[in-house]
Amino acid sequence: MERGPAPASAGDRHWHGNARLAVIYALVFGTLATLTDWEAGSLTPARVVLWLMLAAAIGLLLTPPRVAAGRGWLSVRGPLCRRMVRTDAMVGVRQYDGVSSHLVFRDIDGRRLELDPRVLAANPFLWHEVDTGLRHSLQTGTLRQGVDVLRRLERAIDDEEARAVLKESGMS
């Protein structure tokens, strides 16, 4: 069976569901706040606008950034800005652990991008695009910091994929 050309980019396959959940949370908050204010007898048009604005702000804060990668690039688009780095000209990768673990990528042009490593682990096509670019950076010698971070990340993602395959096959 012949396949068509590979897609130009890969993205976070869970983004739509997470964004939908953020909207639902915002709507529930706005509805409950408005109904509570109405039940208390203190609802005014100004307070309705206030609850709507707060619900919109909550929706905006809860909406996850949109992650995409293609041949030689990785981008993260949030509600206010879009950051992009060249994975084929990467200079360094760092991982910061703690309450919110995140990766920081830096490319040869001085651009910087932060990303939750769970997004890469949950999206094999996205990881493949990033990994291909990072391997090119290793081969060309631009990537000098973070090789150990990439090895740990690669092992973790491979282990996660192996567990998923075993679970699907009923062998876990």
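First, some ground rules. This is a predicted model, where local features need pLDDT of at least 70, side-chain atom pairs count only at pLDDT 80 or more, and totals for chains, interfaces and linings use all residues. Residues are numbered from 1 along each chain as its sequence is written, and side-chain values use heavy atoms, with hydrogens and water left out.

**Stop one: the sheet.** Helices (H or I, at least four residues) and strands (E, at least two) are DSSP runs, numbered from the N terminus. Two strands count as paired if DSSP finds at least two bridges between them. Show the open sheet of four strands, ordered β1-β2-β3-β4 with antiparallel pairing. At the edges sit β1 (9-11) and β4 (82-85), each pairing on one side only. From one strand to the next, the twist averages 20°; axes are lines fitted to C-alpha atoms, for helices over the stretch in contact, and angles run from 0 to 180 degrees between N-to-C directions. Zoom in on β1 and β2 (66-70), which three bridges join; serine 9 has glycine 70 as its bridge partner in β2.

**Stop two: the cavity.** On a 1 Å grid over the protein atoms alone, a cavity is a set of points where a 1.4 Å probe fits but cannot get out, while a pocket is an open set with protein on both sides within 12 Å along at least five of seven lines; lining residues have an atom within 4 Å of a point. Grid points are joined across faces, edges and corners, and a volume is the space filled by probe spheres set on the points. Which residues line the largest cavity? Select Trp127, Asp131, Leu134, Arg135, Leu138, Val147, Leu150, Arg151 and Glu154. The space inside is about 60 Å³, and α4 (124-140) and α5 (147-169) each supply at least two lining residues.

**Stop three: the pockets.** The largest pocket holds about 440 Å³. Among its 20 lining residues, pick Pro65, Leu115, Asp116, Arg118 and Val119, which lie nearest its centre. Color α3 too: it gives the most to this lining, four residues.

Finish at the second largest pocket, about 300 Å³. Of its 16 lining residues, Pro65, Val76, Gly78, Pro79 and Cys81 lie nearest the centre.
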